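Please keep the sequence and structure in view while reading.

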Amino acid sequence: MTSTEAAASALQDHAALWSVGEISASEVVDSACNALVAGLDTPNLRILAACTRAEADYDVHDLLPPALAELGLTLHPVGGEAGQEAAVRALARRMLAGEWKPWELTFRIHRRYGHELPLAERLAELDDEYDMLEDGDEAMAQVDAGVTAEARRLAAHPTVRSG
């Protein structure tokens with residue numbers, strides 16, 4: 001993946017995470033800045049990247065959709081299943097990048113979606129398995145491996161259309 005593709009993918013993930021309240025608007029602005037540095041450049045992306053932290057909470061809502069549209073990226077409607085699925089995939093990529101331990105991913109997913117989102121059902125089940133483990137239980141490594149495998153499956157879904 002080229003640096004521009006990686007930046008577009010990161011911006012798409014940040015948009016999904018912001019739309020479900022997982023990250024702040026200023027983190028979306030940071031991602032827009034990173035996209036510009038990586039070589040993506042559109043008028044609305046520049047405007048989004050120029051937001052101050054104080055402006056971000058007010059302006060990202062209006063600035064993000066046209067910036068994504070110029071890049072051929074999608075901002076899913078808030079509360080919709082497609083947006084929730086995009087956020088789950090983005091969270092899985094974060095765990096695989098080492099930002100969280102496997103149990104932290106399952107806890108976040110289970111807390112946010114319960115057993116209601118079919119795409120995340122396996123992660124919710126694995127969170128239930130963590131709850132049944134006892135301290136020092138060697139089975140934790142097996143559950144961790146299951147979470148990692150599921151996260152890889154979810155992360156394999158492309159975030160950015162090719163072409």
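## Salt bridges

Glu 22, Arg 108 and Arg 112 are joined in a network of salt bridges, a salt bridge being a side-chain nitrogen of Lys or Arg within 4 Å of a carboxyl oxygen of Asp or Glu. The model is a predicted one, in which local features need pLDDT of at least 70 and side-chain atom pairs count only at pLDDT 80 or more, while totals for chains, interfaces and linings use all residues. Residues are numbered from 1 along each chain as its sequence is written, and side-chain values use heavy atoms, with hydrogens and water left out.

By the salt-bridge rule there are nine salt bridges. Among them are these three:

| Pair | N to O distance |
|---|---|
| Arg 122 and Glu 125 | 3.3 Å |
| Arg 122 and Glu 129 | 3.6 Å |
| Glu 150 and Arg 153 | 2.7 Å |

Helices here are DSSP runs (H or I, at least four residues), numbered from the N terminus. Arg 122 and Glu 125 are about one helical turn apart because they are three residues apart in helix H7. Glu 150 and Arg 153 have a spacing of three residues, about one turn, in helix H8.

Accessibility is given as relative accessible area (buried under 20%, exposed over 50%, partly exposed in between; 1.4 Å probe, protein chains only). Arg 122 is partly exposed at 34%, as are Glu 125 at 31% and Glu 129 at 28%.

## Nonpolar core

A nonpolar core is a set of buried Ala, Val, Leu, Ile, Met, Phe, Trp, Tyr and Cys residues joined through side-chain atoms within 4.5 Å. The largest one has 46 residues, and Leu 48, Val 60, Val 88 and Leu 105 have the most contacts inside it. At least two residues of this core come from each of H1 (3-19), H2, H3, H4 (53-70), H5, H6 (102-113), H7 (121-132) and H8 (139-155). In soluble globular proteins, nonpolar side chains tend to be buried together.

Arg 94 belongs to helix H5 (residues 81-96) and is buried, with 16% relative accessibility. Beyond its neighbours within four places in sequence, Arg 94 has contacts (heavy atoms within 4.5 Å) with residues including His 14, Glu 27 and Trp 100.

Thr 42 sits in the loop between helix H2 (25-38) and helix H3 (43-49) and is buried at 9% relative accessibility. Not counting residues up to four places away in sequence, Thr 42 touches Ala 67, Glu 70 and Leu 71.
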